[in-house]
Amino acid sequence: MLALMRRMPSMAVRGPEVWLWRWRRNPLKRRADKVEAWVVLVVWTCTVVAGVLAGLGAARSVEQGLARERAEWRPVVAHLTERAPGAAGGDRVWAEVSWRAADGSAHAGQVRVRPGSAAGGPVTVWTDPRGRLVAKPATAAQARLRSVLLGSLAGVSTAIVPFVAGRALCGRLEQRRLDQWEAEWARFDPLWGRGRTG
């Protein structure tokens, strides 16, 4: 019979869920029920707090990093060192360009330009304070969206850890409770059997 009960969902063993049942007074409540009540409380607290703190921290970090990029990265006029390959009207192609950084140092790199652009033609590129090529920085609205998305992802990812650990611990407590119940059942079942036949 106990093997059958182990296969049944825990709702069937416990009956319908009652809100905060672990915290109510009940003469049948065991020590394991009290332990589980505290485990559930601690797990949910850790899940919420860890998720919120990680999410806010990640969002703030991303937004500050993108704001720093907007403040430091600058557009520079570069010039094509050779004619861009391809015919006009097609998709953008990679071409070699050169430019001078704010400190006067010469730099070169590849950027995407319109096909067929003439050598020496101007191209606007974005550079960091050291004169290296970078992508165009995100606008304030794009930065907010990215920070919200990455903060949410970080918060959910962090919250999963205590939640999964708590579920595993509650599963262990449930298994221990079933094992104790089986031992008690085995101890009293022979007595009940004699009473029924006698």
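User: Why is Arg-177 called buried?

Analyst: Buried means under 20% relative accessible area, exposed means over 50%, and partly exposed is whatever falls in between (1.4 Å probe, protein chains only). Arg-177 has a relative accessible area of 6%, so it counts as buried. Bear in mind that this is a predicted model, where local features need pLDDT of at least 70 and side-chain atom pairs count only at pLDDT 80 or more, while totals for chains, interfaces and linings use all residues. Residues are numbered from 1 along each chain as its sequence is written, and side-chain values use heavy atoms, with hydrogens and water left out.

User: What makes Arg-177 and Glu-36 a salt bridge?

Analyst: The term needs a side-chain nitrogen of Lys or Arg within 4 Å of a carboxyl oxygen of Asp or Glu. Arg-177 sits in helix H4 and Glu-36 in helix H3, 141 residues apart, so the pair links distant parts of the chain. By the way, helices (H or I, at least four residues) and strands (E, at least two) are DSSP runs, numbered from the N terminus.

User: What links Glu-36, Glu-174 and Arg-177?

Analyst: A network of salt bridges. Arg-177 also meets Glu-174, at 2.6 Å from N to O. Those two are three residues apart in helix H4, so about one helical turn separates them. Glu-174 is buried too, like Arg-177.

User: How do you know that the span of H3 agrees with what a helix should have?

Analyst: The expected span is 1.5 Å times one less than the number of residues. H3 has 42 residues, so it should span 62 Å; its end C-alpha atoms are 61 Å apart, which agrees.

User: Why does Val-52 count as partly exposed?

Analyst: Its relative accessibility is 45%, so it lands in the middle class. Val-52 lies in helix H3.

User: Which residues make up the largest nonpolar core?

Analyst: There are 11 in all, including Val-76, Leu-80, Trp-99 and Val-125. A nonpolar core is a set of buried Ala, Val, Leu, Ile, Met, Phe, Trp, Tyr and Cys residues joined through side-chain atoms within 4.5 Å. The elements giving two or more residues to this core are E1, strand E2 (93-100), strand E3 (106-113) and strand E4 (122-127).
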